[in-house]
Amino acid sequence: MAEEVWVFAEHQDKKIRKVSLELLVKGREFADRLGVELAVLLLGSGVDGLGEELTTYADRVYQWDNPLLDKYNSEVYLQIISNFVKKENPQIFLAGATFLTRDFFPRLAARMETGIAVDCVNLDVDGNNLLMARRPLFGGKVLADVVCRKGRPQIALVRPNTFPLLTTKGTRKGKVHKLMVDVDSSQLKLQVVEILGSAKERLDLTEAEIIVTGGRGMKGPENFKLLEELADVLGATVGASRAVVDSGWKPHGDQVGKSGKTVSPKLYFAVGVSGAIHHIMGMDTSKVVIAINKDQRAPIFQYADYGIVGDLFEFLPLLTKELKEAFGSR
Amino acid sequence: MNIVVLVKQVPDSEAMVQVKANGSGVDIEEKYTLNFFDSLALEEALQIKEKIGSGKVTLITLGTQKSVEALRTGIAMGADEAFLLEDQALMEGDEYTTAKALAKAINGMDYDLVFCGKEAFDDSSGAVGPIVAEFLGIPHVTSVVKVDVSSDEQTVTVEREIEGGKEIIKAGLPVLLASQKGLNEPRVPPITGVMKAMREEVKRLDLNDIDVSPGEVGRQGAKEEIVRFYRPPKRPPVTMIEGEMIDVVRELVKFLKEKIRTL
């Protein structure tokens with residue numbers, strides 16, 4: 001049982017998050033190469049169905065189902081998971097790099113006296129069976145390969161959209177292990193009072209496969225409906241540049257860039273975005289970048305695969321219309 | 001209320017960073033600045049102190065002589081006291097060892113709140129703050145966009161950004177809070193502050209002051225090891241799509257139809 005490869009399963013609105021499924025596919029590859037079992041950790045309230053779903057990916061699903069876990073609380077998660085890591089001694093522990101994991105995993109690593117590699121853009125197992133994690137430094141100007149020789153488990157938090165999903169349904173028949181939550185809630189120093197607004201109809205920017213981002217060239221918040229319409233046809237999420245957020249046209253949660261969100265979609269539209277270095281640092285790992293700007297000297301074109309010089313107010317409605325005709329109603 | 005703020009001097013986002021030919025390290029252009037998220041942390045600490053009307057804001061950084069600049073910026077903004085934790089044995093550490101040394105230094109201080117930035121611009125790790133809280137044995141909240149200290153100064157209510165929403169969390173003091181963009185607008189240091197910062201003494205701490213052995217910190221104590229640095233692959237040159245807008249759009253749609261299927 002020991003030496004397993006573990007994946008932390010995150011879920012939102014009764015669905016396993018995409019990044020967790022991506023890591024289960026990668027985790028399977030590592031477990032097979034290392035000749036060990038793949039296990040997944042699931043914490044929540046009313047998560048039986050999700051546990052069953054995960055058995056198609058993993059050999060073991062460690063499941064804690066308790067009303068105390070309805071809302072994420074770092075103290076509760078830390079207690080449960082650190083005790084279980086001590087007991088089971090996994091060799092690798094992977095999770096998506098999200099607000100939730102970035103909150104408690106560093107602390108978990110320290111409690112286990114091991115290292116952590118955050119915001120990884122690639123993972124591999126090297127010739128010595130060590131986890132090799134690739135991290136961007138200096139906003140992606142440099143990449144670094146890091147290993148952890150001096151602690152277990154080897155922990156990596158991976159940027160969403162780094163690894164592909166399975167194209168078919170998983171075929172494993174793993175086992176669910178239902179575990180008790182043994183936490184004294186009277187000892188907790190943190191209390192989650194309320195969660196405001198979740199249940200979004202669109203994927204979060206960090207997990208979106210297609211993003212259409214508007215910059216200062218959008219001229220005002222009222223024009224973002226043009227991007228929303230394009231996003232509807234593409235099944236995309238709408239982002240904003242720093243200039244747009246700092247002008248108060250869009251909330252900070254929509255910001256792509258170094259002081260906002262770092263994104264890695266398959267397809268990225270930069271619409272009326274000049275391409276300041278801050279912005280590039282947040283989207284340069286996108287697979288295909290399409291930029292439209294009225295200024296042919298805009299720096300964004302140096303970071304794009306396809307560029308269009310022109311008026312975005314002419315471009316956007318035309319593109320939305322032509323796409324609707326080409327794809328029908330998606 | 002006494003507040004400790006963790007700060008870091010980092011390369012400016014415009015600074016050139018070159019990988020050494022053998023991949024063993026990087027050369028960074030001499031353009032450094034106080035980490036953006038740390039300036040939010042300090043601003044919040046100052047506002048809390050000003051509102052309560054008493055207490056002390058203390059800065060601490062782990063680094064080298066270069067880091068004094070971050071401390072001077074912080075003093076100019078209004079911090080009362082600044083510590084540089086510097087020792088040869090602390091060099092080339094990771095998040096674990098950095099946090100361990102900082103926590104040892106903070107442990108000896110009188111504090112109710114610890115503030116830090118959500119992450120540093122150079123490594124974007126965001127791990128040091130939560131790990132400092134672990135070593136101090138206090139709770140922490142990351143990605144904080146709003147802070148309210150209760151009138152009895154025993155608890156804080158904070159808002160934390162999460163995907164697509166916010167969490168409201170109540171915490172007993174002391175607690176460590178990591179600031180996210182949106183928390184406040186950091187002040188521009190007043191000229192009197194800049195003058196004070198030039199005169200003010202930066203206090204220095206080394207390994208002897210913090211009760212840590214050389215083997216526990218720096219390169220020797222680090223859990224993570226960087227094997228190699230390298231340049232990210234460059235995107236091929238851009239293909240410009242030219243012509244009348246309707247033709248441009250049609251060509252793009254043709255391309256997208258193909259791409260969206262295969263991507």
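User: What share of the contacts in chain A with a separation of 6 or more comes from residues 24 or more positions apart?

Analyst: The share is 64%. A contact means two C-beta atoms, placed from the backbone, within 7 Å. This is a predicted model: local features need pLDDT of at least 70 and side-chain atom pairs 80 or more, while totals for chains, interfaces and linings use all residues. Residues are numbered from 1 along each chain as its sequence is written, with chains lettered from A and ligands numbered from 1 in the order written.

User: How many of the residues in chain A are buried?

Analyst: Buried residues make up 55% of the 330. The test is 20 or more other C-beta atoms within 10 Å of the residue's own, again placed from the backbone; 12 or fewer is exposed, and in between is partly exposed.

User: What makes a set of residues a nonpolar core?

Analyst: Its members are buried Ala, Val, Leu, Ile, Met, Phe, Trp, Tyr and Cys, joined through C-beta atoms within 7 Å. The largest such core has 136 residues, with A:Val40 and B:Val132 among those with the most contacts inside it. A second, separate core of 52 residues includes A:Leu226 and A:Phe315.
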